[in-house]
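Have the structure open as you read.

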Amino acid sequence: MSRAVEESNRAMLRARDAMDRSYAEPLDIPALARIAHVSEAHFIRTFRATFGETPHRYLQRRRVERAMWLLVETERDVTDICFAVGFSSLGTFSRTFRQIVGESPTGFRRRATPTNVPSCFTKAWTRPISFG
């Protein structure tokens with residue numbers, strides 16, 4: 001691996017780590033591109049080439065992943081969970097959740113049951129792969 005590719009990968013990892021840490025906050029491409037020290041267009045292209053999905057799709061999947069955990073492990077309302085994970089609209093949250101998981105948040109909550117296994121196993125088994 002060349003030094004340039006290694007530096008590019010590190011920059012993309014910094015941006016992805018920022019998304020993982022701050023998934024519930026409003027994140028936009030300009031802010032993430034600044035974290036990676038690249039232009040916005042270059043950031044989107046390089047992120048997709050590095051991780052196989054766009055930054056927006058990655059962030060949406062992260063938010064839904066966290067929502068899945070909250071739906072199973074807490075009694076909070078779906079609306080509260082929607083806003084807690086960073087969505088600003090219940091409709092967008094429900095539509096995105098259905099696209100990624102294949103069912104509505106309420107349907108997922110009814111079907112899912114809490115598990116008593118280490119969270120690393122639960123994450124690996126239930127992590128949504130991608131949209132569609």
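The structure holds six aromatic pairs, where rings of Phe, Tyr and Trp (its six-membered ring) pair if their centres lie within 6.5 Å, and planes under 30 degrees apart count as stacked, over 60 as edge-to-face and the rest as tilted. A pair of aromatic rings is described by the distance of the centres and the angle of the planes. Two of the pairs are set out here.

| Pair | Centre to centre | Angle between planes | Class |
|---|---|---|---|
| F43 and F47 | 5.6 Å | 50 degrees | tilted |
| F97 and F108 | 5.7 Å | 70 degrees | edge-to-face |

F97 belongs to helix α6 (residues 90-101) and F108 to helix α7, so this pair ties together parts that are eleven residues apart in sequence. F43 and F47, by contrast, both sit in helix α3, four residues apart, about one turn of the helix. Helices here are DSSP runs (H or I, at least four residues), numbered from the N terminus. F43 and F47 are both buried, that is, under 20% relative accessible area with a 1.4 Å probe and protein chains only. F97 and F108 are buried too. One aromatic cluster is formed by F43, F47, F51 and Y58.

A word on the ground rules: this is a predicted model, in which local features need pLDDT of at least 70 and side-chain atom pairs count only at pLDDT 80 or more, while totals for chains, interfaces and linings use all residues. Residues are numbered from 1 along each chain as its sequence is written, and side-chain values use heavy atoms, with hydrogens and water left out.

Now for the helix crossing. The axes of α2 (residues 29-36) and α3 (residues 40-51) come within 9 Å and cross at roughly 80 degrees; axes are lines fitted to C-alpha atoms over the stretch in contact, with angles from 0 to 180 degrees between N-to-C directions. That makes α2 roughly perpendicular to α3, a label for angles of 65 to 115 degrees. On the α2 side the contact (heavy atoms within 4.5 Å) is made by I29, P30, L32, A33 and A36, and on the α3 side by E40, F43 and I44.

P105 is buried, with a relative accessible area of 3%. Leaving aside neighbours within four places in sequence, P105 is in contact with L71, V78, F93, S94 and F97. The C-alpha atoms of P105 and L71 are separated by 7.5 Å, although the two are 34 residues apart along the chain.

Notes. Buried < 20%, exposed > 50% of the residue type's maximum accessible area, 1.4 Å probe, protein only. Helix = DSSP H or I, 4+ residues; strand = E, 2+ residues; numbered from the N terminus. Parallel < 35°, antiparallel > 145°, perpendicular 65-115°, else oblique.
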